[in-house]
Amino acid sequence: MKRWTIYVITGLLLILGVGLFMNRQIDKRINTPDASLEQPMIGSTTNVNKDVSMKAVLSHEQREVRYLSPAFHVNTKSNIVYASKKNEAQNEEPLSLDLYEPIGDNNKQRPVFIFIHGGGYKEGSKEDAVDISNKLAERGYVVLSMNYRLKTDPFLNFELTLSDAYEDIADVIGWIYDHAEMYGLDSKKIVIGGDSAGGYLAMNFTNEYLRSDPSLVKPVFAVVDIYGGLLGKTVHENMPPVLIIHGTIDAMIPYRQSLDLKDALEQQGIHHDLFTIEGAGHDYKNVKYIDDVVETITHFLWNVMNGPKSDELPANAGLTAASGDPVSIKLPESFIRNSSVGILRIIVPEGWELAENDVGENVTLLVPAGLTPGNYTVFASMEPDDQKTASVPGYVSHVKVLSPLQESFETYFDDTDQKAKTLISITNQSKHIFNGSLQVTYETKQGNQTFTNELKQLGPGESTAITIPELINGKSMVRGYDASGKLLHSSEDVFHALQIDKPQSNIQIDGDLKEWSSQASFEVEDVKMKDWRGRDDAGATGFLSWDSANLYIALEVTDDEHFQTSSGSEIWSGDGVQFAIGLADENGGNPSEYHELGMAMDNKGRLIKWRWITPQGFNIDDYFETELAITRKEQTTVYEAAIPWNELTLDTTLVKPGLKLKFSLLVNDNDGEGRKGWLEFNSGIGTAKDINAFGDIYLTD
């Protein structure tokens with residue numbers, strides 16, 4: 001469990017919430033957002049002195065802080081109708097939101113975060129934001145995760161798609177005004193954010209209404225754009241502070257667009273921050289990144305909550321350092337400007353130290369060696385060295401502490417001995433040379449194995465590759481020790497890689513799995529579902545096989561209630577199976593394109609198939625060849641499919657032993673009251689479309 005280590009200097013930092021009050025001048029600033037403009041600040045000069053030297057004082061104190069610490073349990077009020085509008089079919093559509101609020105919060109006016117889901121303006125729902133909504137509400141925000149009108153073909157008339165969505169967002173803001181007292185909402189403090197299409201809507205709605213109806217968006221004090229892409233128009237000069245979040249290998253919305261957006265905001269003088277997730281695709285909800293995303297959002301919002309001037313804010317609220325390394329924090333211009341008449345006070349976790357007591361434009365902190373990786377908070381404030389002037393408002397920085405080592409797994413087929421193997425790449429993330437050893441404990445088909453290897457003179461930023469002569473399939477634990485035997489790195493991961501053989505006898509697609517017992521199998525056991533009651537509620541075992549004609553897939557699914565009333569592209573919302581397949585490139589890497597297919601049986605026993613994603617040259621929708629059987633007996637549903645290779649690749653000569661496939665699968669569950677969630681084997685389908693989260697499959701004889 002990650003620990004959230006937060007520290008406060010009483011009387012200097014702006015702490016928002018009951019029981020954490022500042023001195024009267026700062027407290028006045030909380031209650032009167034514009035009051036800070038009237039307070040005398042340290043020093044009156046407006047010129048930044050580049051030859052800066054100031055005294056820094058370090059202290060340590062632990063305390064939970066509202067809007068930063070996850071201090072509350074969360075209550076959810078679902079399906080609140082905020083408006084009713086005609087959709088593209090000219091039918092009246094009730095539009096609803098889910099409200100997440102902190103339990104036991106005595107604050108009567110809580111800031112509101114409107115979250116807008118993604119889905120390309122044609123799919124997705126408010127339930128997609130359950131995880132991030134809960135995490136924000138735990139910290140004191142009231143989150144409104146909203147549905148809005150979707151379109152079958154949103155780009156046929158994109159202007160209408162946007163105008164309808166903008167109108168729906170405006171209705172939610174109106175709902176906040178109307179229900180502020182009922183739900184304890186602060187209608188003067190609103191954040192608008194979202195992911196993908198939702199991020200685009202959050203940015204462009206705010207930018208558009210600053211022109212057309214500025215009074216409506218006056219309470220919007222920040223925008224959070226999670227890989228939403230570019231603005232449709234020039235940045236308005238009154239745009240509130242913007243946090244941009246984007247992964248570097250996003251294949252759906254290029255990372256370059258967020259860099260361009262950052263430049264546009266900078267040119268207009270809008271305070272902004274770009275949080276770059278190295279090695280991440282179009283999937284901020286991935287368990288590897290979600291905590292970092294939430295910490296970055298909450299620290300950014302804490303700093304901008306009460307409308308400070310841009311020169312009072314840090315250029316970057318999110319920093320990264322390996323344990324044992326220094327981390328440099330650039331001070332805001334107001335701190336630098338007033339350095340001659342103030343003392344810099346820094347509050348850090350236990351064990352952290354200052355590199356030097358006299359600092360310039362940057363303060364450098366030393367992160368302890370061996371510190372548990374995770375997210376930590378640093379507070380900074382400027383205290384006057386006399387009693388005649390007010391303190392410069394304090395701010396927080398979020399420091400993500402990394403392990404000195406980073407590992408990544410890649411499988412490959414060794415033609416020399418015709419075996420699939422695993423390559424582990426180890427990178428030194430620290431600023432020091434690493435000497436020591438690496439121990440890997442991992443799962444295989446034969447059971448747990450341990451592999452040990454020495455690491456000598458691995459320089460900062462350097463990588464080395466280690467070969468394990470078999471496939472890692474399942475959980476792995478990687479430990480790194482220094483030369484003295486001290487544990488400096490420990491991480492656990494799950495990576496699925498399978499070898500699938502040809503069947504010993506012909507597979508009959510008939511809903512009977514008797515001939516599958518000798519084939520490669522896997523458990524679909526990663527639960528992404530609310531109120532899951534165990535395997536009797538939903539559980540699944542999968543099987544894979546192949547021959548020169550087909551790829552075969554089968555599942556035995558335990559499900560207490562079978563419910564499927566949708567058809568076509570909407571079958572994901574009911575009971576059924578989705579799976580994604582792509583042929584690795586010639587170097588064994590991820591292909592640029594892949595297939596996502598699904599199969600289901602409706603309540604009347606009719607079989608349904610669908611293909612949502614496909615490379616160029618293939619039919620989409622339900623127009624693909626496959627032999628399919630789905631049967632249900634008591635509480636067990638059996639799925640079987642034979643998919644011809646010519647439906648998966650234009651070059652069937654590639655289909656032979658040693659071929660590497662990228663693969664992911666999920667089983668949706670619906671008990672009659674909407675989709676509860678899903679079980680998955682690998683990821684990259686349910687929360688976002690990201691082939692980088694797929695696992696590996698090798699064809700063998």
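Guide: Start with the annotations. UniProt positions are given in the numbering used here, and annotations may be inferred rather than shown by experiment. The unreviewed UniProt entry places "domain: Carbohydrate-binding" at residues 509–700. The model itself is predicted.

Visitor: What makes up residues 509–700, helix or strand?

Guide: The span is 46% strand and 0% helix. Its end C-alpha atoms lie 22 Å apart.

Visitor: Which residues does "domain: BD-FAE-like" cover?

Guide: That UniProt annotation, also from an unreviewed entry, covers residues 97–203. Here the chain is 38% helix and 27% strand. The end C-alpha atoms are 20 Å apart.

Visitor: Why is α3 called roughly perpendicular to α4?

Guide: Helix α3 (residues 158–183) packs on helix α4 (residues 197–212) at an angle of about 80°. The class runs from 65 to 115 degrees. Therefore α3 counts as roughly perpendicular to α4. The two axes are 10 Å apart.

Visitor: How do you know which residues of α3 and α4 meet?

Guide: Contact means heavy atoms within 4.5 Å. From α3, the residues include Phe158, Leu162, Tyr166 and Ile173. From α4, they include Tyr200, Leu201, Phe205 and Tyr209. The contact divides into 11 nonpolar, 1 polar and 2 charged residues.

Visitor: What makes the contact of α2 with α6?

Guide: α2 gives Asp131, Ile132, Lys135 and Leu136. α6 gives Ile290, Asp291, Val294, Ile297 and Thr298. By class, that is 5 nonpolar, 1 polar and 3 charged.

Visitor: What is the order of the strands in the open sheet?

Guide: The 5 strands run β26-β28-β29-β34-β33, with antiparallel pairing.

Visitor: Why are β26 and β33 said to stand at the edges?

Guide: β26 (520–524) and β33 (627–633) each have a single partner strand, so one side of each lacks a neighbour in the sheet. On average, neighbouring strands of this sheet are turned by 15° against each other, direction ignored.

Visitor: How do you know that β33 and β34 pair?

Guide: Pairing needs at least two bridges. β33 and β34 (residues 636–644) have 7, in the antiparallel sense. Therefore they count as paired. Ala629 stands opposite Glu640 in β34.

Notes. Residues are numbered from 1 along each chain as its sequence is written. This is a predicted model: local features need pLDDT of at least 70, side-chain atom pairs count only at pLDDT 80 or more; totals for chains, interfaces and linings use all residues. Side-chain values use heavy atoms; hydrogens and water are left out. Helices (H or I, at least four residues) and strands (E, at least two) are DSSP runs, numbered from the N terminus. Axes are lines fitted to C-alpha atoms, for helices over the stretch in contact, and angles run from 0 to 180 degrees between N-to-C directions. Ala, Val, Leu, Ile, Met, Phe, Trp, Tyr, Cys and Pro count as nonpolar, Asp, Glu, Lys and Arg as charged, and the others, Gly among them, as polar. Angles under 35 degrees count as roughly parallel, over 145 as roughly antiparallel, 65 to 115 as roughly perpendicular and the rest as oblique.
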